[in-house]
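Open the model in your viewer and keep the selection panel at hand.

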Amino acid sequence: MFDYSTLLRPDLPPAAMKWSGFPPYNFVGGHNDADSVPVAGLVAAAASVLAREGRSLCTYGMDSGPPGYRPLREFIAHKLARDARITCSEDEILITSGSLQGLDLVNQVLLCPGDTVIVEQMTYGGAITRLNRIGVNIVGVAVDQDGLSDGALRSTLEQLGNRGIRPKYIYTIPTVQNPTATVMSEARRARILALAAQYGVPVFEDECYADLVWEGARPPALRALASDDSVVHIGSFSKSIAPALRIGYLVAGWPLMSRILAVKADGGSGAIEQMILAEYCRDHFESHVRSLRKALRRKLDALVEALRLRFGAAAQLDYPAGGIFLWVKLPQGVDTTRLAQLALQTGVAINPGAEWMTDAAEGRRRLRLCFAHPSEQAIRDGIAKLADVCQREFGVPSPAARGHR
């Protein structure tokens, strides 16, 4: 076997492990409910659109060009206007290979090593990982029950300004925040936009979970409330339709979009997936998402009930406003990174909190549980196993905590 070890770049992440399948009780990642994938509808959509437009697959970009399949971009523009109050044309929308590619593209055109970026103190672990690889200075700002704290943001911007530092952007997940699942109020959004404008810093808005708000209409997107093109918006179909389709989108004005298109040198995101989504979503998206929300909420209720039964008062949590995650805090003395390692040996996979916070030490007691993929029975059994492991290793939950409902 040829030895590449002396040829590898020195800044690579650790080597990947060989795939060995999902554990029996899988609470990690952003997987979704298998029974809610609209298989029959996608099959029908695939047959219809490929019979009608399959010949266009002979060219890169089909007949729609580098931004992506035009009917899908038209659907997204209509959906954003209706649900998020964003006014944009299909030419301001770029189809990406999941919203992660949108994140990478924005970073690619804006960031250099040594730059400063403001993020929420508790945020998407993938965003933290990417920023660390680039070598930027990550500044975490507190999150409360209303999302990104405008008071903490003001202090941070002022302190950075006093040092002559202008952040490249403020990254926020305002609607169903990851991992806290908070939904930022419209008043808070307006204050954050005012601060960003005052200090001349753009906002990078990640709305991947915004379709999964349990109650009422979601608030208008930050991009909808901005008076200019200072907000870049990304979204995804991974959480509303299926993660494996790998279709996301990015919304920006042409001056920035033209630079992003210039670096998206992948020949275009998957065409067949785009065609099928556009065909299916045109008539079925709203009814599908309503059904999906109901299924997810049943699983969330099963998870909350299991945690209360097995951990009692030892597990602190706030009922999420939507989404697929529950953010849990355990007592002092519990190390969830260690807990994750031990639990995996019994078939239970969890995300330790250190991976979802800018200050890993602050995340030591926290864990993120994805409830969308396991069945309700698997949720109950998995939490029971997790509680047993936690009790053996850390003495948590105590018998008294389990008894407190």
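The lining of the largest pocket divides into 19 nonpolar, 16 polar and 6 charged residues. Here Ala, Val, Leu, Ile, Met, Phe, Trp, Tyr, Cys and Pro count as nonpolar, Asp, Glu, Lys and Arg as charged, and the others, Gly among them, as polar. The model is predicted: local features need pLDDT of at least 70, side-chain atom pairs count only at pLDDT 80 or more, and totals for chains, interfaces and linings use all residues. Residues are numbered from 1 along each chain as its sequence is written, and side-chain values use heavy atoms, with hydrogens and water left out.

**Stop 1: the largest pocket**

Select Val 28, Gly 29, Gly 30, Asn 351 and Arg 368. Of the 41 lining residues, these lie nearest the centre of the largest pocket. Next, colour α3 (98–110), α4 (125–134), β9 (231–236), α10 (336–344) and β14 (351–352), the elements that give two or more residues to this lining. Helices (H or I, at least four residues) and strands (E, at least two) are DSSP runs, numbered from the N terminus. The pocket volume is about 1,100 Å³.

On a 1 Å grid over the protein atoms alone, a pocket is an open set of points with protein on both sides within 12 Å along at least five of seven lines; a cavity is a set where a 1.4 Å probe fits but cannot get out; lining residues have an atom within 4 Å of a point. Points are joined across faces, edges and corners, and a volume is the space filled by probe spheres set on them.

**Stop 2: the second largest pocket**

Which residues line the second largest pocket? Select Pro 14, Ala 15, Ala 16, Met 17, Lys 18, Trp 19, Ser 20 and Gly 21. The space there is about 330 Å³. Its lining has 5 nonpolar, 2 polar and 1 charged residues.

**Stop 3: the cavity**

The structure holds 1 cavity of 30 Å³ or more. Select Lys 79, Glu 207, Cys 208, Ala 210, Asp 211, Arg 218, Ser 236 and Tyr 249 to see the lining of the largest cavity. By class, that is 3 nonpolar, 1 polar and 4 charged residues.

**Stop 4: α10 against α11**

Arg 338, Leu 339, Leu 342 and Ala 343 in α10 meet Leu 386, Val 389, Cys 390, Glu 393 and Phe 394 in α11, where contact means heavy atoms within 4.5 Å. The contact has 7 nonpolar, no polar and 2 charged residues.
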